Amino acid sequence: MEINFKQVTLAREYRGYTQSALAAKIKGLSQANLSKYEKGINTLSDNTLNELIEFLKFPKSFYSKNIFSDVKSAHYREKSGVSKKDRITIESSYKFIGYIVDQMALSLDFPEFKFEQIDIEDGYTPAEIAKSIRTKLKLEYDEPIRDINKILESNGIIVYELKAFDKFDGVSFFSQNGNPLIIINSEFSNDRKRFTLAHELGHIIMHTAFPIPSFRDKKVIEKEANSFASEFLMPQVAIENSLNNLKLSYLSDLSKYWLTSMYAILYRALNLGCIDKGRFIYLRTELSRVGGLKNSKNNVYIDNPRLFFNAFKMHTNELEYSIDVLADTFSLSLDILNKYCKGYYGSNGTKLRVVV
């Protein structure tokens, strides 16, 4: 069997080994030789490869695959404070999640991707694009987006909540087979999840289908996604009047109506010019003093994503795969499915359509 050296790197990193640590576990393997092998410029003996494969506990068929995800970058709240180990953990997670989606898509149909992707270089602002998307979704201009996960998933974006460290916000990408995904941090408060989902939707619509000029750096791109998310969740035409002469006592009701955090309301007021920087700082300080920022985090409703796990349950129920057979079919170790599919256990060639 031909071994794809990149799969060795993925397996090693997922198991949490550095090259030197893994080399120390395999008789006759040095860190230098492993490094060269993972770069594709060296070979290893059959005995060494077999020992390595057995130690990493992935099925042999896994090493003939080519699992990757074309992700420009995952989005971190404080990237400078993210360790290499944490970054590798996140990267391997979204690679496996995207791969599992692609494998499931061989047996069933996910909803069609219906969002229009728009080139921001054509002169549209993120706010204008968000307005267009709301219109096409037939959302009332003055109503909040209540079931945001349902909207995304019914329009073809698979949402996955991943338990991760606090500095990881989310990531959006198209899998190898073209399935769009948004992965967000399951540990976040509901208001932060909602904003992150809208932010990542902005990336999918504005930043994945068209070349991005080099002068528009990551800071600009992130600002565009934030602007899209703010307009998508809190349309200017509907919220602006209520933000003029904004008072602390207004924030709770506005947060409950628009299903965003009080802080997001404050920032929206600042960016729309309804309050100046001084007023923003004063209100934020007062809100923090009375505990409003902390206490408001769990008061926002959000629906749950369903598409990924409905698809997995179809495999174990309707298609009657056992979890062991499914792991073998997907060329994955059992612990991968246990981790990312959360233990949903329950063939024929019938194709099924996933219903959100």
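Me: Hi! Which residue does Glu-121 form a salt bridge with?

Reply: Glu-121 forms a salt bridge with Arg-216, and their closest N and O atoms are 3.0 Å apart. This is a predicted model, by the way.

Me: Where do those two sit in the chain?

Reply: Glu-121 is in the loop between β2 and α6, while Arg-216 is in the loop between α8 and α9 (218–233). They are 95 residues apart, and the pair links distant parts of the chain.

Me: And is Arg-216 buried or exposed?

Reply: Arg-216 counts as buried, because its relative accessibility is 8% and the cut-off for buried is under 20%. Glu-121, at 36% relative accessibility, counts as partly exposed.

Me: How many salt bridges does the structure hold?

Reply: The structure holds 13 salt bridges. One of them joins Glu-116 and Lys-136, with the closest N and O atoms 1.9 Å apart. Glu-116 lies in the loop between β2 (108–109) and α6 (126–136) and Lys-136 in helix α6, so this pair ties together parts that are 20 residues apart in sequence. Glu-116 is partly exposed, at 37% relative accessibility.

Me: What does Asp-169 form a salt bridge with?

Reply: Asp-169 pairs with Arg-192, the closest N and O atoms being 3.1 Å apart. Asp-169 belongs to strand β4 (residues 168–174) and Arg-192 to helix α8, 23 residues apart. Both Asp-169 and Arg-192 are buried.

Me: Which residues are linked in a network of salt bridges?

Reply: Arg-12, Glu-13 and Glu-38 are linked that way.

Me: Back to helix α8. Where is Lys-193, and what does its side chain do?

Reply: Lys-193 has its place in helix α8 (residues 190–207). Its side chain makes a polar contact with the side chain of Glu-161, at 3.1 Å. A polar atom of the Lys-193 side chain also lies 3.4 Å from the backbone oxygen of Ser-186.

Me: Is Lys-193 buried or exposed?

Reply: Lys-193 is buried, with a relative accessible area of 8%. Leaving aside neighbours within four places in sequence, Lys-193 is in contact with residues including Ile-184, Phe-188 and Ile-302.

Me: What about Lys-27, buried or exposed?

Reply: Lys-27 is exposed, with a relative accessible area of 71%. You can find Lys-27 in the loop between α2 (19–25) and α3 (31–38). Beyond neighbours within four places in sequence, Lys-27 is in contact with Thr-48 and Glu-51. From C-alpha to C-alpha, Lys-27 and Leu-52 are 9.3 Å apart in space, though 25 residues apart in sequence.

Me: Let's go inside. Which residues touch the most other members in the largest nonpolar core?

Reply: They are Phe-96, Ile-100, Phe-110, Phe-308 and Leu-337, in a core of 59 residues. Helix α5 gives the most to this core, with 8 residues. Apart from it lies another core, of 45 residues, including Leu-254 and Cys-274.

Me: What does Phe-96 touch?

Reply: Not counting residues up to four places away in sequence, Phe-96 touches Leu-10, Tyr-14, Phe-58, Phe-62, Ile-67, Leu-332, Ile-336 and Tyr-340. Phe-96 is buried, with a relative accessible area of 0%.

Me: How many aromatic pairs are there?

Reply: The count comes to 19 aromatic pairs. Among them, Tyr-14 and Phe-96 form an edge-to-face pair, 5.3 Å centre to centre with 80° between the planes. Tyr-14 is in helix α1 and Phe-96 in helix α5, 82 residues apart.

Me: Why is the pair of Phe-58 and Phe-96 stacked?

Reply: Their planes are at 10°, with the ring centres 6.1 Å apart, so the pair is stacked. Phe-58 lies in the loop between α4 (46–56) and β1 (75–76), and is buried with a relative accessible area of 4%. Ring pairs link Phe-58 and Phe-96 into a cluster with Tyr-14, Phe-62, Tyr-63 and Tyr-340.

Me: Last topic: which residues of helix α17 are buried?

Reply: The buried residues of α17 (residues 334–341) are Ile-336, Leu-337, Tyr-340 and Cys-341. They lie on the same side of α17, because they cover an arc of only 95° around the axis.

Me: What covers them?

Reply: The cover includes α1 (5–14), α5 (84–104), β3 (158–162), α15 (307–316) and α16 (323–330). After α17 comes Lys-342, whose phi is positive, near 55°.

Note on methods. Residues numbered from 1 in each chain as written. Predicted model: local features only at pLDDT ≥ 70, side-chain atom pairs only at ≥ 80, totals over all residues. Heavy atoms only, no water. Helix = DSSP H or I, 4+ residues; strand = E, 2+ residues; numbered from the N terminus. Buried < 20%, exposed > 50% of the residue type's maximum accessible area, 1.4 Å probe, protein only. Polar contact = N/O pair within 3.5 Å; in protein donor to acceptor, adjacent residues only side chain to side chain. Contact = heavy atoms within 4.5 Å. Arc of directions from axis to C-beta. Core = buried A, V, L, I, M, F, W, Y, C linked by side-chain atoms within 4.5 Å. Salt bridge = Lys/Arg side-chain N within 4 Å of Asp/Glu carboxyl O. Phe/Tyr/Trp six-rings, centres within 6.5 Å; stacked < 30°, edge-to-face > 60°.
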